[in-house]
Amino acid sequence: MLGLNKKDTNLLIIVAIMTMLAPFLLNPFPEGSALAQFNAGYPDLMQRFVIFGIFAMGFNLLFGLTGYLSFGHAAFLGVGSYAAIWMMKLLTMNVIPAIIMSIVIAGLFAVVVGFISLRRSGIYFSILTLAFAQMSYALAYSVLTPITGGETGLQPKPNDPRLLDPALADGVTPRAGLFGLEMSSSTELSIGGWVFTFNAGYYVAAVVMLIAFYLSIRIFRSPFGMMLRAIKSNQQRVNYTGLNSKPYTLAVFVISGMYAGLAGGLLVAMDTQVGPERMFWTASGEVVIMTILGGAGTLIGPVLGAGLLKYMENILSKINKGVIEGWFAWAPDGLDSVLIYTVNMFVGKQWHITTGVIFMLVIIFLPGGLVELGKRGARVFRRRDRKGLGLEPDAAKQRNAAE
Amino acid sequence: MEAIILQFLNGLDKGSAYALIALGLTLIFGTLGVVNFAHGALFMIGAFCAVTLQKILSLSKVTIDPTKTDFLGNPAKVKTPYVQEWFGPDVGAFIIDWSVPLALILAVPVMIAVGVAMERGLIKHFYKRPHADQILVTFGLAIVLQELIKYFFGANPIQTPMPEAFKGSFDFGAAVGIDPNVIIYPYWRLIYFAFAMVVIGAVFAFLQFTTFGMVVRAGMADRETVGILGIDIDKRFTMMFGLAAAVAGLAGVMYGPINAPNYHMGMDFLVLSFVVVVVGGMGSLPGAVLAGFLLGVLESFASMEAVLNTLPGLNQIIIYLVAIIVLLTRPRGLLGRKGVMED
């Protein structure tokens with residue numbers, strides 16, 4: 001279907017079903033129960049899942065396929081955000097021009113940055129991209145204040161010109177929408193103890209994400225993607241074969257930047273605000289973490305990684321000392337304070353420690369991320385099955401002899 | 001003219017910090033071939049050694065003094081630091097006052113231990129992995145260390161004041177015979193610069209004039225041959241990691257009075273120090289020092305009012321701009337060895 005082989009079609013369909021049913025899947029615990037705090041099915045978080053999924057997907061096209069580790073990808077997200085907010089200020093609150101503009105501007109910016117940075121590889125490329133991102137951040141923060149709003153950032157104001165929109169009545173704040181459908185509007189459905197929220201913004205972002213995911217599959221499977229993998233495995237050999245690798249790396253860098261810009265545009269479409277901290281290098285580090293957590297170089301990995309990180313950010317940081325005390329109420333005195341102290345170190349405001357530790361563990365033991373974890377798990381099961389059925393007697397014998 | 005001298009001097013203290021961190025980074029890269037993103041965290045841990053020592057020294061015994069009352073009329077509680085009780089009020093106060101220089105003594109063993117533990121426990125396993133993996137795992141470590149410090153010491157900067165004797169400023173103008181009161185420079189920054197020079201000199205002397213240093217230099221040039229000659233080069237390289245950590249830590253301790261230590265100071269300096277290393281040339285120790293001072297001074301010049309009026313915001317981006325230009329025109333950096341990481 002759509003030029004994909006059967007396996008990829010299945011993957012795309014599964015992802016599509018999962019994203020469409022996300023409000024159900026992410027809300028497994030009934031409202032008001034003790035576990036309800038682990039529900040992730042509220043609009044703000046679901047939007048972040050898919051938007052950062054797009055961001056990580058784009059980063060993965062660059063890092064996963066070519067091995068070029070960019071440490072400044074948040075710059076494109078930021079530039080895309082600024083472009084989108086200006087479209088909302090000048091043209092219309094409809095999100096479509098904002099999103100298109102964010103992709104275009106981020107792509108143009110990526111052409112410039114990529115053209116210069118890609119003259120070097122390895123650690124130098126990382127430093128160059130980092131330098132560009134930090135420069136953009138510093139400029140957005142200070143000199144470019146007329147364009148970026150400086151430290152306070154930008155929001156659409158009621159008195160912005162907005163050429164295509166009718167003038168707003170007094171006191172009405174502008175809201176982002178899609179042909180009259182407001183991004184922030186939600187319908188709630190309660191079944192039994194469960195409350196499911198269906199948010200317009202989430203579904204818009206999810207559809208965009210599915211398109212982006214489809215494109216990323218196509219890029220992975222194309223001759224172009226093959227070429228990028230060749231560059232990753234040995235750039236020198238590619239060059240000796242008489243192929244110029246630069247156009248390929250630049251093309252994927254720009255595509256990757258456009259993905260980041262799209263994510264930035266969508267972020268603006270959801271919360272209609274932007275500030276320079278979106279471009280800070282820690283934000284670039286975050287997308288690196290997401291991609292690695294999920295599995296760099298795999299199709300679904302970055303999306304999973306983005307979901308995991310954003311879930312941890314939102315859920316872990318909500319758990320405070322009182323909640324933990326509730327968990328360990330059963331423990332005897334003395335032990336419970338030790339447990340509470342230990343667990344408290346990893347949740348609440350300290351959730352970064354948890355992500356840092358998990359990130360390190362993944363790099364040390366599981367370089368393929370969550371996807372590799374799944375594969376290993378599947379392999380263990382499969383082996384056990386075959387052993388049980390006697391399908392692999394020779395291999396098992398050999399193994400026993402070796403042991 | 002005065003303004004230029006002043007900016008030059010201002011650049012030196014920041015340059016000193018860059019140079020010290022970059023020196024450690026280069027030592028690690030040159031010996032072990034590892035790109036250590038956690039080096040800024042070591043700088044931060046050094047600064048927090050000073051914070052810890054200061055907290056320990058000012059641990060106080062609370063006594064109730066019946067002769068005084070607080071504002072509610074209750075007997076006032078008087079805090080006497082233990083050190084004052086043990087060594088007498090004068091010596092005790094002196095020790096507390098000098099907590100930052102004293103922290104240097106604490107920081108050296110602590111930092112060497114941290115460095116060696118880091119190398120043996122984590123980085124050892126990454127020699128055979130690609131540079132990207134090394135960057136990522138040390139980046140993860142840096143996040144963990146930074147957040148642990150934030151957890152134990154809080155998010156706000158903690159003042160580590162310099163000794164009373166070094167407060168105040170040095171009138172540079174009066175000393176060299178131009179207008180007094182124009183070029184005024186705080187003593188502590190002067191001390192920081194001198195300290196940096198001493199540490200840098202010591203590191204270079206250690207590498208140049210000791211047998212240990214000679215072996216390390218030989219190992220940097222050709223690790224395999226040194227290994228074939230029957231020398232346990234790994235052990236020495238581990239020691240060099242400890243030394244690099246100690247240099248970063250000392251830089252952190254002494255930087256406390258200039259900028260109150262906070263949990264993200266390491267990351268702030270790390271990014272810039274990396275740029276410094278790359279500008280100086282990966283693996284070149286003199287390059288790291290030179291580029292450190294050069295970029296510190298350039299940054300300082302770029303924040304002059306006259307410059308900012310013509311090119312606003314230049315001070316924010318000058319270091320990155322220089323890095324981009326150097327990387328594109330001279331791939332191996334200012335003093336980089338030919339053929340080392342030139343791609």
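The radius of gyration of chain A, taken over C-alpha atoms, is 23 Å, which agrees with the value near 22 Å that a compact globule of 403 residues would have under the rule of 2.2 Å times the number of residues to the power 0.38. The model is predicted, so local features need pLDDT of at least 70 and side-chain atom pairs count only at pLDDT 80 or more, while totals for chains, interfaces and linings use all residues. Residues are numbered from 1 along each chain as its sequence is written, and chains are lettered from A in the order in which they are written.

The C-alpha trace of chain A spans about 80 × 70 × 45 Å along its principal axes. Chain A contains 18 helices and 4 strands, defined as DSSP runs (helices H or I, at least four residues; strands E, at least two). Of its 403 residues, 44% are buried, that is, have 20 or more other C-beta atoms within 10 Å of their own, with C-beta atoms placed from the backbone.

Contacts are pairs of residues whose C-beta atoms lie within 7 Å. In chain A, 75% of the contacts between residues at least 6 apart in sequence join residues at least 24 apart.

Between the chains, 34 residues of chain A are in contact with 31 residues of chain B. On the chain A side, α6 (122-141), α12 (281-294) and α16 (351-365) each supply at least two residues, and α6(A) gives the most, with 12.

Beyond its neighbours within four places in sequence, B:A323 is in contact with A:I127, A:A131, B:V275, B:V278 and B:V279.

Key
Two residues are in contact if their C-beta atoms, placed from the backbone, lie within 7 Å. A residue is buried if 20 or more other C-beta atoms lie within 10 Å of its own, exposed if 12 or fewer, and partly exposed in between; C-beta atoms are placed from the backbone.
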